[in-house]
Amino acid sequence: MTAPLIIIGSGMAGLGLVRQVRARDTARAITLITADRGEDYAKPLLSTGFAKRLPPDRLATRSALEVADQLGVVMRTHTWVEGIDMEARALRIGEERLLWSELVLATGAAPAVPFKVPETVAERVFTINDLDDYRRFHAALEALGRRARVAIIGAGLVGCEFANDLIAGGHEITLVAPESTPLPRLLPEPLGRALGDAFVDAGMTLQMGRSLNALNSVGSDIGVTLSGGNRLEADLVLVATGLRPRTELAALAAIEADVAGIRVNRRLATSAPGVYALGDVACVDGINAMYVQPLQASAKALARTLTGEPSEVAYGAWPILVKTPLLPVVALPPPRPPARWRIEGKGRDLVAFAETQDERLIGFALTGSCVRRKVELARATPTLLG
């Protein structure tokens, strides 16, 4: 009996790859291994559910059993892979050895929490990176039975999206970050200020330019001490300080990886024969783009390779649509710091052009009504991985 194609990870990368392979090969044996419940859900919806007051089960479109049945795969949930035996082409799962013909690592990225959370408040400090995380945070909000005071640490993409979603859901939000304006990696300061002003107008408190110094228990509250002596109290703390690719399994098998992810070529192949990496964990030709469109392009290319048509992935110039309805934001960050940001517009309707010294466009950022220019500007911008 031929060993199956094994995919580790059932997020958008793993399930997306299965769908692409099945579109080309309906018979190949595929085993999908996941450490969680294996439900099918759209991860971007995690940061839109609180405004819509959606319970966790409403976000899941299919159970693991339904996924297995509809896609014709073996689904192994709540399963931890302990190691990869490259010589035997087998996974170690406890005492079990599971053979693979080809292996895909779609293990994603884990929240990076750059500070120690005291045990006294640990049950009230959260990260949200998957549906189980959403379940836990949703349950904590429900247990309060009232408007929650939530301190969000981090004003990047995840922090800003959850801040917008939670305040729209009726909660009291304080956004904390060391940078001077929200979305510092996507927006130059004038556009970041416009987003911050929209947040403040909606009733949010911004503590920008402040770092977290300490968390401690204050009765039933969490005391949040910031740099400069500022202090606030919250019911819950949501940490949104970035993601770190889950490369541990690859590293144990001596597969090339670093802080940017598992290193793969344009065919998504790792340094180990027969092993591929996909999604947030993969650093493709030096680029780790943790966004939906590059993930989808990678899944299509890898599916062709796995079904006998070796293919290289190409990333277009895909703008990032930030889910902040208080002020719409679209950005295509430049691959390197621009010589200048040229800004046009007025009020909160702004366009920022990232330009080289010779005035070539290498990225852009848009706010307010100007987001409608995203297609026009994307066509004028070089591809991310052509």
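**Side-chain contacts**

Analyst: C283 is buried, its relative accessible area being 2%. Please note that the model is predicted.

User: How many disulfides are there?
Analyst: The count is 0 disulfides. C160 takes part in none, and its nearest cysteine sulfur, that of C370, lies 19 Å away.

User: And is C160 buried or exposed?
Analyst: C160 counts as buried, with 0% relative accessibility.

User: Switching to rings: how many aromatic pairs turn up?
Analyst: The search of the whole structure finds 5 aromatic pairs. One of them joins F50 and F137 edge-to-face, at 5.5 Å centre to centre and with 80 degrees between the planes.

User: Which other ring pairs with F137?
Analyst: F126 forms an edge-to-face pair with F137, at 5.2 Å centre to centre and 80 degrees between the planes. F126 is in strand β11 (residues 125-126) and F137 in helix α4, 11 residues apart. Both of these residues, F126 and F137, are buried.

User: Which residues make up the ring cluster?
Analyst: Ring pairs link F50, F126, Y134, F137 and F162 into a cluster.

User: What sits over the ring of F353?
Analyst: The charged end of R342 does, 4.2 Å from the ring centre of F353.

User: Now salt bridges. How many?
Analyst: The count comes to 24 salt bridges. Among them, D133 and R136 bring their closest N and O atoms to 2.5 Å. These two residues are 3 apart in helix α4, which means that about one helical turn separates D133 from R136. D133 is buried at 10% relative accessibility, while R136 is partly exposed at 48%.

User: What does E161 meet in a salt bridge?
Analyst: E161 meets K323, at 3.1 Å from N to O. That pair links distant parts of the chain, with E161 in helix α5 (residues 157-168) and K323 in the loop between β24 (320-322) and β25 (329-332), 162 residues apart. E161 is buried at 7%, and K323 is partly exposed at 28%.

User: Which residues are linked in a salt-bridge network?
Analyst: Salt bridges link R37, E39, D57, D132 and R135 in a network.

Conventions
Residues numbered from 1 in each chain as written. Predicted model: local features only at pLDDT ≥ 70, side-chain atom pairs only at ≥ 80, totals over all residues. Heavy atoms only, no water. Phe/Tyr/Trp six-rings, centres within 6.5 Å; stacked < 30°, edge-to-face > 60°. Helix = DSSP H or I, 4+ residues; strand = E, 2+ residues; numbered from the N terminus. Buried < 20%, exposed > 50% of the residue type's maximum accessible area, 1.4 Å probe, protein only. Lys NZ or Arg CZ within 6 Å of the ring centre and 35° of its normal. Disulfide = S-S within 2.5 Å. Salt bridge = Lys/Arg side-chain N within 4 Å of Asp/Glu carboxyl O.
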